[in-house]
Amino acid sequence: MAGPLSMAALQQAYSAPFARALRSRVSMATAALTSLPGVTAQPLKPDTRFLLGMSESELRHLALDFGQQSYRGKQLHDLLYKTRAKEIQDFSHLPQAFREELRQAGWRVGRSPIHRAVAAADGTIKILIRLEDNRLIETVGIPVEDDKGSFRLTACVSSQVGCPLRCSFCATGKGGYSRNVRRHEIVEQVMAIEELFQHRVTNVVFMGMGEPMLNLKSVLDAHRCLNKDLNIGQRMMTISTVGVPNTIKMLASHKLQSTLAVSLHAPNQNLRQQIIPSAKSYPLDVLMHDCKEYFLETGRRVSFEYTLLAGVNDGVDDAVQLAELLHYYCGGSHVNLIPFNPINGSDYRRPYKKTVLAFAATLESMKITVSVRQTRGLDASAACGQLRNDFQKSPFLEVPAAESQLSPL
Ligand code: SF4
């Protein structure tokens, strides 16, 4: 990885039209990132409680529990989600005694510092958030401006610190697993991206580090908060999974309007379990049956992710098999093709563009709708989990203060 980047160099790095417009905002926001103190891993404090992620109704009840009037709960809600106070001591609208009582009882807001931010020439910014126990999670902000000038800002959030599933192509899987991310730690990722870009997040994808279905309660709690408290539409959110037995049915029972994206990466069980070791315990036909049931239960079509690995799963015959599979179980579907992003320590290669186009054309010829994910910030550290691995090989590794600076991707 290249060394830390000065503000002037950061400004030079932005070349896309939209990125230029963002320059000054991002520069201002990242200027504060260069002086974090050294950190040492800590155990989580079990008795700490976090306000972030709570609904207005929960906050009103909390205020009543502290002998306050219910409207103090509404004030708490505004302080968390509108004013965005980061510490209880910043709750200047609240009586000093109430603030003190909250602190004494172990309550905290639940906001964490940004440990590192890296910026790509296309405007994508990846951040490492340093959690309460000094573990690091990755979050990515992806700005997109379409031809008509409308702007989307997508936050790609992590649901676990690392991941236990160890998919063979994934940097996060290679970096080990530490723990689930808690509700407030998901919400704060979105808020951090909004504050960095000085723009509201329009879309959220649970496609960062970790398998969301292994942390479904926190994911659903955070989803509620993002929808109701930060006003991000359910349809603007996507929950991604590589497949965990019995969880798709559980998710269906919540009848969310969000998209479920299932990562297939192979058109048959044999190849799939070579690429995704956890697929051995969740056969492809059972997974596809669950996707079909999900649609019947929610009325929402499942979309499918497919990472193209050169010479492994990117042949025209693979595309034919994939289309047949999707027609059989789902009556057609949408497939998002993701040309592999090279990662350290992997023998997989990125397919040539003509191979990607041939794969996409084969699916389309068989009436499957296809999109090819544009690779953002490919320069370095762009694959999921790769930046975190550069800084924290072990989930408990000590992180030196000198690394708390802004670098280019
Ligand atoms: S691809 Fe997703 S599920 Fe697989 S190891 Fe990576 S983070 Fe985990």
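In which loop does R166 lie? R166 is found between β7 (160-162) and α6 (171-174). Helices (H or I, at least four residues) and strands (E, at least two) are DSSP runs numbered from the N terminus. The model is predicted: local features need pLDDT of at least 70, side-chain atom pairs count only at pLDDT 80 or more, and totals for chains, interfaces and linings use all residues. Residues are numbered from 1 along each chain as its sequence is written.

The protein contains 14 helices and 15 strands. Of its 409 residues, 45% count as buried. A residue is buried if 20 or more other C-beta atoms lie within 10 Å of its own, exposed if 12 or fewer, and partly exposed in between, with C-beta atoms placed from the backbone. Contacts require C-beta atoms, placed from the backbone, within 7 Å. Among contacts between residues at least 6 apart in sequence, 71% join residues at least 24 apart.

Most residues other than glycine have a negative phi. R166 is not a glycine, yet its phi is positive, at about 55°. This residue is partly exposed, because 16 other C-beta atoms lie within 10 Å. H265, also not a glycine, has a positive phi near 65°. H265 lies in the loop between β11 (259-263) and α10 (269-275). It counts as buried because it has 26 C-beta neighbours inside 10 Å.

Helix α3 (residues 56-65) packs on helix α4 (residues 71-83) at an angle of about 130°. Their axes are 7 Å apart. Axes are lines fitted to C-alpha atoms, for helices over the stretch in contact, and angles run from 0 to 180 degrees between N-to-C directions. The two helices are therefore oblique to each other; angles under 35 degrees count as roughly parallel, over 145 as roughly antiparallel, 65 to 115 as roughly perpendicular and the rest as oblique. E56, L59, R60, H61, L62 and A63 of α3 meet R72, G73, K74, L76 and H77 of α4 in the contact. These residues divide into four nonpolar, three polar and four charged.

E185 belongs to helix α7 (residues 183-197). It is buried, because 26 other C-beta atoms lie within 10 Å. The C-alpha atoms of E185 and L131 are 7.7 Å apart, although 54 residues separate the two along the chain.

How values were computed: Contact = placed C-beta atoms within 7 Å. Nonpolar A, V, L, I, M, F, W, Y, C, P; charged D, E, K, R; others polar.
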